[in-house]
Amino acid sequence: MGKTIVITGANSGIGLALTKVLTQKGNHVVALCRDNPNNKALIENLSKNNKAFGLGKVDFIGINLNNLHSVRQAAHQVINLYQTVDVVICNAGVRDTSYLVTQQKFEQQFQVNYLSQFLLVHLLMPSLTNSAGAKVIFNTSISAEKATINQLDKWMATAVIKESAYDGLLSYRESKFTQMAMSKHMAELFPNILFASVHPGVVNTNLLNRNYGEWFKIASFPFVALAMAIGLVKSAKKATETFVHLIEEPTFESGTYWFNKQQRLPNSILNEKDYLKQIYEQSKKWTGLS
Ligand SMILES: NC(=O)c1ccc[n+]([C@@H]2O[C@H](COP(=O)([O-])OP(=O)(O)OC[C@H]3O[C@@H](n4cnc5c(N)ncnc54)[C@H](OP(=O)(O)O)[C@@H]3O)[C@@H](O)[C@H]2O)c1
């Protein structure tokens, strides 16, 4: 029987490709996307098309990861509608954006990529724990392997960084490291759920075009085409393979980090258990979970 799979950012890039691939395999996807007419129409069309071809269901639920209140509302809807959730894929993300702060005054990449989805996973626990083989998978980035921060005060400073000190790529890297760290820490706290983080590869999606604009898309097209031809850049569909592998594997070592369907050595800071615990406790405070 198909699984019920919650995917954030299911309207674009890897999230959309995952939604298509997983429903083609008969799973039911709950698409958590920004609540706007384009995203709604896209998911509704996919849902109609899937129905016509006897494929898995796709449902739309609005979420804005820039706002913890919206995360709470979306999670509330999910647990009310779906008694059991088998898999949560924390996929939505932004990279190297111009400086922006969220509704709760966190730096945008920190909250969208990490904090909001940390909250989401916790709020979905009532439905996740009803699944016999629950899994939580974070879409992370290889850049996290190079993260350097290993002190709570410095980590907290990145979350509320001032514009004058902001470095978009550094914030991206630390947000992705934190996802990976919490995947490892939560694996210990929730032994009945399997956690993993996945680097999808360098993937031809809208991620970079969103920041650098249409001119970047046009100018980079020949290079992207060449890089895809020689396998340096993946299509979004190809990038789904490790996620699908982990969803379909009966089991794997919880808290591990993956690339190209293989386990990969993570950043050694992940071995600093006390630091990970401090991040976890602070994240609970910031999200109102404690
Ligand atoms: N592409 C790569 O090479 C690459 C490499 C490593 C990791 N990744 C990771 O892969 C994930 C997916 O990215 P992608 O490459 O598929 O890029 P993408 O096409 O830009 O997709 C990003 C998704 O995140 C959603 N999102 C962004 N901000 C949001 C918010 N505030 N609230 C709700 N949803 C929000 C977007 O929704 P809207 O369309 O509504 O904005 C979109 O659905 C990201 O976490 C990224 O860091 C990508």
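The legends below describe close-up views of a predicted model. Residues are numbered from 1 along each chain as its sequence is written, and side-chain values use heavy atoms, with hydrogens and water left out. Because the model is predicted, local features need pLDDT of at least 70 and side-chain atom pairs count only at pLDDT 80 or more, whereas totals for chains, interfaces and linings use all residues.

**View 1. The largest nonpolar core has 53 residues.** Such a core is a set of buried Ala, Val, Leu, Ile, Met, Phe, Trp, Tyr and Cys residues joined through side-chain atoms within 4.5 Å, where buried means under 20% relative accessible area with a 1.4 Å probe and protein chains only. Val78, Val88, Met182 and Phe195 touch the most other members. Helix 4 (residues 108-123; helices are DSSP runs of H or I with at least four residues) gives the most to this core, with nine residues. A second, separate core of 31 residues includes Ile7, Ala31, Cys33 and Ala239.

**View 2. Surroundings of Val88.** Leaving aside neighbours within four places in sequence, Val88 is in contact (heavy atoms within 4.5 Å) with residues including Val6, Val121, Leu124 and Lys135.

**View 3. The shell around the ligand holds 29 residues.**

View 4. A polar side-chain atom of Asn139 lies 2.9 Å from an oxygen atom of the ligand, while a backbone N or O atom of Asn91 lies 2.7 Å from a ligand oxygen atom.

Methods:
Buried < 20%, exposed > 50% of the residue type's maximum accessible area, 1.4 Å probe, protein only. Helix = DSSP H or I, 4+ residues; strand = E, 2+ residues; numbered from the N terminus. Near = heavy atom within 4 Å. Polar contact = N/O pair within 3.5 Å; in protein donor to acceptor, adjacent residues only side chain to side chain.
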